[in-house]
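Please keep the sequence and the three-dimensional view at hand while reading.

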Amino acid sequence: MTLAVEAIDLRRTFTSRSGTFRRTRKDVEAVKGVSFEIAPGELFGLLGPNGAGKTTTIKMLITLLIPTSGRANVLGHDVVHDVREVRRRIGYVFGGDRGLYERLSGLDNLRYFSELYGVPPREQKKRIGELLELVGLTGREGERVEGYSRGMRQRLHIARGLLHDPDVFFLDEPSIGIDPVGARELRATIAGLREQGKTVLLTTHYMFEADELCDRIAVIRSGEIVAEGTPAELKGLVSAGRVLEVETYGIGDEAVAARAQSAAYAPSWSRSAASCRCWSSRASPAPRSPSRCWRSWGRRVSVGSATATRRWRTPMSSW
Amino acid sequence: MTRLRQLVVCFWLQFKILLFSPFEGFSAVVFPLMFATAALLVYRVNGDPEAMLYAGIGAAAMGIWTSQTVSATTLVQRERRAGTLELVVAAPTPFSLVLLPITCAMATIGLYSVLATILWDWWLFDIALHIENWPVFVLSILMATVTIALFGFLLSVSAVRYRTSWALGAALEYPGWLLCGFVVPLDLLPDVLRPISRALAPTWAVEGMRAAAAGKSARGDLAICGAVGPAYAALAGWLGVRLINAARRDATPALS
Ligand SMILES: Nc1ncnc2c1ncn2[C@@H]1O[C@H](COP(=O)(O)OP(=O)(O)OP(=O)(O)O)[C@@H](O)[C@H]1O
Ligand SMILES: [Mg+2]
């Protein structure tokens, strides 16, 4: 059986430039070795905070970005070499209200993309009618998109992504900017897709959304998958241990790593099964004011970290 | 067959987008006429009817050039801004076939401006076009329109990789009037600029229009124009593939 999606050690580095006169280049590792497999018909979730690398991962899978290293296959086709084959079989929808021709009606938008996706002329009309029905836009399709609300645009997007009846559907934060009722309907639509036997890869910021919809979830953070499993398994992991986050100042990574493995800390290390991390921030060697510290810690409260989170700061001298 | 249908439907929908705004429509209608008026008023001082015909034909071509270089060079940038660039790139249809109907839609608008300018010339300045060879004249108008659109298309493709490259199109608007010899004879240009003029397909199309009007053979001019125009298209198609691959590799700027 060919897997619907297979990612093998995917990596992607971006080079960002800053400065106006003295340009400096910096490499950002957005995705650092992500591997996962999605079976046909499965609804797979990528859950993670802003900047975790979800969109970058999806864009590599839908052939919009070439991986820096690693491989990925969609329905057995390589995303770098079999571009045409992959594109024909996948649908892609992102959240937000861009990606539509404002000056055209909803119907014309769908007609345009039907042509680009090579939907046979004979089937177009029927297909568009069905999809408008599915996303609840029947009756509004003649209006220009510029007059659509955000939710309507989002639904039109979904219809657009499904025009060519793709086998694998990529949804990047589809519930962004949609009210709770709309989001619930959207989730129902997505669940319906799975019932039709489609494979879906969904990214989201919301644990509950992933929990409700997905067969399996991978939690991604800073470009790495930190946990993977069914929603039940993940919840089990989270309540199993504590998350210890130690922030250090003014010592090297090696020393931190050595400490992390030292026996003295072992009990607390092993107890925090899901994610126990230690890092040094050499960028700010001087102790920062408590409030700033707190804020920077607050940011590290990541998706998937525990209900019982404890964090403390170990003074340098105790190391 | 399916491809043809695709081109036609996409052309029609893109044409709808272009026709949509009354403000833009207004400038597309009025700008070419204003430029033509200015040029003809200058030429009228001489009181030479032949010069008036020269300027009248040039002004018509100038209208297409003006209404199209800028809008065609912003084409890709417009898609990027709407967020549709990555969607059309991710579609199985080759990128150049996505852009081609858009270019044709722009050319159609350009064609309008030629006709409007010719009528305007006739109505306001009494320049009755004494065209010796109508079919060739019409053919050269069509070629001028299409090649100008293709030239814009070529410039536009570079915006896949360079976000602000459309500025080049805007900057070319006025030099183009001179370089293509719309209202000033090419002989007046310094020699160094000649090769540039010759590489611009509209130069040949306008020469063709003038030759057809004068009853001379336009075959040579149109043949060159017919070779240069498709060369733009081929170059743009090739460049499009290269630049999209560069964008997929470097992501600067991202397609979204
Ligand atoms: N074209 C680009 N050029 C430079 N850096 C980029 C580019 N695209 C993404 N990045 C960087 O890659 C990292 C991951 O971004 P990505 O968009 O994949 O995150 P995300 O998980 O989708 O976040 P969000 O939830 O905010 O959408 C970020 O640090 C981002 O700044
Ligand atoms: Mg994202």
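## Charges and surface of chain B

Chain B carries 17 positive and 14 negative side chains, and a distance of 14 Å separates the centres of the two sets. The model is a predicted one, and every value in this report is computed from it. Chain B exposes about 11200 Å², of which carbon and sulfur atoms supply 71%.

## Overall form of chain B

The secondary structure of chain B consists of eleven helices and zero strands. Read from the N terminus, the order of elements is therefore α-α-α-α-α-α-α-α-α-α-α. The C-alpha trace spans about 60 × 40 × 35 Å along its principal axes.

How does the radius of gyration of chain B agree with that of a compact globule, and what are the values? For 256 residues, a compact globule would have a radius of gyration near 18 Å; the value for chain B is 19 Å, which agrees. Of the 256 residues in this chain, 55% count as buried.

## Helix H4 of chain B

Helix H4 of chain B covers residues 75-82, and its buried residues are B:Leu75, B:Val76, B:Gln77, B:Glu79 and B:Arg80. Which elements cover them? The cover includes helices H1 (2-19), H3 (49-73), H5 (85-90), H6 (95-125), H7 (134-157) and H8 (166-179) of chain B. After H4 of chain B comes B:Gly83, which has a positive phi near 80 degrees.

An α-helix has 3.6 residues a turn, so residues three or four places apart point the same way.

B:Ser140 belongs to helix H7 of chain B. Is B:Ser140 buried or exposed? Its relative accessible area is 0%, so B:Ser140 is buried. The side chain of B:Ser140 reaches the backbone oxygen of B:Phe137 at 2.9 Å. When neighbours within four places in sequence are left aside, B:Ser140 is in contact with B:Ala205, B:Gly208, B:Met209 and B:Leu222.

Helix H1 of chain A, residues 54-61, is mostly covered, with seven of its eight residues buried. The buried residues are A:Lys54, A:Thr56, A:Thr57, A:Ile58, A:Lys59, A:Met60 and A:Leu61.

Just after H1 of chain A stands A:Thr63, in the loop that leads from H1 to strand E4 (69-74). A:Thr63 counts as buried because its relative accessible area is 0%. Most residues other than glycine have a negative phi. A:Thr63, although it is not a glycine, has a positive phi of about 70 degrees.

A:Arg155 lies in helix H5 of chain A, which comprises residues 150-162. With a relative accessibility of 27%, A:Arg155 counts as partly exposed. Residues up to four places away in sequence not being counted, A:Arg155 touches A:Val135, A:Gly136 and A:Leu137. The side chain of A:Arg155 reaches the backbone oxygen of A:Val135 at 3.3 Å. A:Arg155 and A:Thr189 are 34 residues apart in sequence, and their C-alpha atoms are 9.7 Å apart in space.

A:Asp165 is found in the loop between H5 and strand E7 (168-172) of chain A. A:Asp165 is not a glycine, yet its phi is positive, at about 50 degrees. How accessible is A:Asp165, and what does A:Asp165 count as? Its relative accessibility is 40%, so A:Asp165 counts as partly exposed.

## A threonine in strand E8 of chain A

A:Thr199 has its place in strand E8 of chain A, residues 199-204. Why does A:Thr199 count as buried? The reason is its relative accessibility of 4%, since buried means under 20%.

The side chain of A:Thr199 reaches the backbone nitrogen of A:Gly41 at 2.9 Å. Apart from neighbours within four places in sequence, the contacts of A:Thr199 include A:Ala4, A:Ile38, A:Ala39, A:Pro40 and A:Glu42. A:Asp167, A:Val168 and A:Phe169 are also in contact with A:Thr199.

How values were computed
Residues numbered from 1 in each chain as written. Chains lettered and ligands numbered in written order. Heavy atoms only, no water. Helix = DSSP H or I, 4+ residues; strand = E, 2+ residues; numbered from the N terminus. Rg over C-alpha atoms; globule rule 2.2 N^0.38 Å. Buried < 20%, exposed > 50% of the residue type's maximum accessible area, 1.4 Å probe, protein only. Areas by Shrake-Rupley, 256 points an atom, 1.4 Å probe, with all protein chains shown as cover. Lys, Arg positive; Asp, Glu negative; His and termini not counted. Charge placed at Lys NZ, Arg CZ, Asp CG, Glu CD. Polar contact = N/O pair within 3.5 Å; in protein donor to acceptor, adjacent residues only side chain to side chain. Contact = heavy atoms within 4.5 Å.
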